[in-house]
Amino acid sequence: AYLVLVLYFQHAIPLFEGPDEPSHFQHLAFLRVEGRLPKYGAQADVPASPQPPLYYLLSLPLFAAVVEDAPALLRDLHAVNLSVYRWEDGAIRRSERIRQFPRPPNPRLFLHDPALTPLKRVRWTSAIFGAAAVALCFLAALRLAGDGNLAALCAGLFAFNPQFLFVSSYASNDTLSVLVGAGAFYLVAACAGFG
């Protein structure tokens, strides 16, 4: 049920509209093109705050399978993010395949070339990390309480939280962070000698 809802959210959220999604895609494109993690500072390779690299390293194979022209995508996303993070006003006009919607009245931020739509498949890494976090939450609660119904309730409260469903449906390193937390929860339950 969690994955069905995430699939619905993935379909409903337009590409690049998730919080910081252009930045997460730029991190992946940079890693693919340059073969190294981005540098930060006054001349940052990716105009966003530093991010933990594990999500990008784990998502890179799917990204590489989906993206045909990573250098062009990197140039487009760099221009977009220079504008989004206000490093350079109007830089988004240099992007060939991503444009900014005039606002208001349109609630969307970006219009993109339909050729970029396969990038939505990269969102599956967030969904998979989220599903693994839900499973670990269930197993930890089962270990602690010894009651399958209570464990299902705990995992359900976690899985069907609208914010978690939303975060699980776009390219983001948040679900991997949640998975690490769920893994810690399971280790605590195992080390405490329950179950």
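Start by selecting Phe16, which sits in the loop between α1 and α2. Helices here are DSSP runs of H or I with at least four residues, strands are runs of E with at least two, and both are numbered from the N terminus. Before you go further, note that this is a predicted model, in which local features need pLDDT of at least 70, side-chain atom pairs count only at pLDDT 80 or more, and totals for chains, interfaces and linings use all residues. Residues are numbered from 1 along each chain as its sequence is written, and side-chain values use heavy atoms, with hydrogens and water left out.

**Stop 1**

Phi is near 75 degrees, a positive value in a residue other than glycine. Most residues other than glycine have a negative phi. Phe16 has 1% relative accessibility, so it counts as buried. Buried means under 20% relative accessible area, exposed means over 50%, and partly exposed lies in between, with a 1.4 Å probe and protein chains only.

Now move along to Asp20, in the loop between α1 and α2 as well. Asp20 also has a positive phi in a residue other than glycine, near 65 degrees. With a relative accessible area of 40%, Asp20 is partly exposed.

**Stop 2: the aromatic pairs**

Show the aromatic side chains next. Rings of Phe, Tyr and Trp (its six-membered ring) pair if their centres lie within 6.5 Å; planes under 30 degrees apart are stacked, those over 60 are edge-to-face, and the rest are tilted. The count by this rule is seven aromatic pairs. Select Tyr2 and Phe164: their ring centres are 6.0 Å apart and their planes meet at 25 degrees, so this pair is stacked. Tyr2 belongs to helix α1 (residues 2–12) and Phe164 to helix α7 (residues 162–167), so the pair ties together parts that are 162 residues apart in sequence. Both residues of this pair, Tyr2 and Phe164, are buried.

Phe16 and Phe25 are both buried.

Which residues do ring pairs link into a cluster? Select Tyr2, Phe158 and Phe164 together to see it.

**Stop 3: the nonpolar core**

A nonpolar core is a set of buried Ala, Val, Leu, Ile, Met, Phe, Trp, Tyr and Cys residues joined through side-chain atoms within 4.5 Å. The largest one has 39 residues, and those with the most contacts inside it are Phe16, Phe25, Phe63 and Leu119. At least two residues of this core come from each of α1, α2 (21–34), α3 (54–66), α4 (70–84), α5 (124–145), α6 (148–159), α7 and α8.

Select Leu119 and its neighbours. Not counting residues up to four places away in sequence, Leu119 touches Leu15, Phe16, Phe25, Phe63, Val66, Val67 and Leu73. Contact here means heavy atoms within 4.5 Å.

**Stop 4: Ser169**

Go to the loop between α7 and α8 (174–191), where you will find Ser169. Is Ser169 buried or exposed? Its relative accessibility is 0%, so Ser169 counts as buried. Leaving aside residues up to four places away in sequence, Ser169 touches Val6, Phe9, Gln10, Ile13 and Arg123.

**Stop 5**

Ala184 lies in helix α8. The relative accessible area of Ala184 is 37%, which makes it partly exposed.

Pro53 is in the loop between α2 and α3. At 32% relative accessibility, Pro53 is partly exposed.

**Last stop: the whole chain**

Zoom out to the cartoon. The chain has eight helices and two strands, and from the N terminus on its elements run α-α-α-α-β-β-α-α-α-α. Along its principal axes, the C-alpha trace spans about 60 × 35 × 30 Å. Buried residues make up 43% of the 195 residues in the chain. Of the contacts between residues at least 6 apart in sequence, 67% join residues at least 24 apart.
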